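Biologist: Could you walk me through the model that I have open here? I would like to start with the ligand and then turn to the core and the helices.

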Amino acid sequence: MHNPKSYAKANALQRRDAKFALAMWKPLCWDVPGDVLDLGCGPGDVTVDLLRPSVPSLSLLFRMESDVLQDELKAGEYATRPKAGKAELRNESLLMEFHNALPFLPHSERKIVGVDQAREMVAYANDRWGKEARQELNVDFLHIPALAGPPDEDLDDLENLERPEPFPCYFAKAFSFFALHWAPDIPSLLRTLKIVRRSLVGGGEAKLVLLAHCPVFSVYKDLSSTLQGWEKFIGPYHDSPDPEEEFRGHLLEAGFLDPQVELINRHITYPNILFLSKAMEAVNPFLDLSEGPCSKEILDMCVDEIQKYTVKRSDGSLSGEYTLLIATASAPHHNGGR
Ligand SMILES: C[S@@+](CC[C@H](N)C(=O)[O-])C[C@H]1O[C@@H](n2cnc3c(N)ncnc32)[C@H](O)[C@@H]1O
């Protein structure tokens, strides 16, 4: 992934599937205090456009409702039932009561902290949503060091950390969309999962979406003689005979309780080869290599190769199949070093 701007323009599949997962998880349960993590937030559009509206933020709700409200108040009685709300706001004085109570409602404001190991992604997100917009949305974007770490590092050492390194606080929920399959191998994935689990408050939840089998990984394997270091860029479950069970086992090994994992068949159609090529370019990790073939040659090779795995129709559209892992897992009530 070399360019946040090109990724943000060509991530229709990722956005569609993040929406799909959020709809599957509805209604999200918010009985534990704490903020919300988005691990591998990339350019931030999924965080802001899809995750933010799914996380309770009553003052945001109030701000949104208040525009409608002003019109309704002018027109007479206001009888809108707020989405989060128990109360029915029937007039201005009730509304003021509701507004005054906001600071005292438990966990009414949940910040979303989007983190990414790629500095350029975080810089792009912070640029696109400047300080004021981030405050208004109650969203932060932070760069974190790669969590993957050396595979042979003793995972148990993580339990001795006093803070939820490298995160700024403990979270009630940790989301991650299309990031975990970037782990170069299973030990690195395990390490990441364990760090995410440690970042949760007791009883908090991880909600995860990652690729299992994907034709793009098959392409990297097919072109292994040209693409240096290709092994690191194949999702850890691409060749697994039972990704659901394997991922469940890894979540348990990372200290999560009761992991619920689903393997879901997905299908995507690109209107033409240009769209497919842009989508592949946006996630291709081989385009910045200083040695070997130039970026254009690599991309052309990948786009040629992927056509083996797609169905081309007479209108020029191309379809392909892949599988997603969608998981929910809880942190124990007495979680890690807390
Ligand atoms: C395909 S993008 C997904 C962005 C966004 N979540 C979305 O759904 O469009 C994957 C992002 O995850 C980041 N990433 C991968 N593994 C990560 C990790 N262990 N910690 C933090 N960021 C990670 C990458 O740098 C990249 O920006």
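This is a predicted model: local features need pLDDT of at least 70, side-chain atom pairs count only at pLDDT 80 or more; totals for chains, interfaces and linings use all residues.

Biologist: How many residues surround the ligand, and which are the closest?

Modeller: The ligand is surrounded by 23 residues, the closest being Gly-40, Gly-42, Ala-118, Phe-177 and Ala-179, where near means a C-beta atom, placed from the backbone, within 6 Å.

Biologist: What about the largest nonpolar core, which residues have the most contacts inside it?

Modeller: That core has 76 residues, and those with the most contacts include Leu-37, Phe-171, Val-216 and Ala-327. Such a core is a set of buried Ala, Val, Leu, Ile, Met, Phe, Trp, Tyr and Cys residues joined through C-beta atoms within 7 Å, buried meaning that 20 or more other C-beta atoms lie within 10 Å of a residue's own.

Biologist: And what does Ala-327 touch, leaving aside its neighbours within four places in sequence?

Modeller: Ala-327 is in contact with Leu-208, Phe-247, Leu-251, Pro-259, Gln-260 and Val-261, contact being C-beta atoms, placed from the backbone, within 7 Å.

Biologist: Switching topic, where do H9 and H12 meet?

Modeller: Pro-215, Val-216, Val-219 and Asp-222 in H9 meet Cys-302, Glu-305 and Ile-306 in H12. By class, this contact has 5 nonpolar, no polar and 2 charged residues, with Ala, Val, Leu, Ile, Met, Phe, Trp, Tyr, Cys and Pro counted as nonpolar, Asp, Glu, Lys and Arg as charged, and the others as polar.

How values were computed:
Residues are numbered from 1 along each chain as its sequence is written. Two residues are in contact if their C-beta atoms, placed from the backbone, lie within 7 Å. Helices (H or I, at least four residues) and strands (E, at least two) are DSSP runs, numbered from the N terminus. A residue is buried if 20 or more other C-beta atoms lie within 10 Å of its own, exposed if 12 or fewer, and partly exposed in between; C-beta atoms are placed from the backbone.
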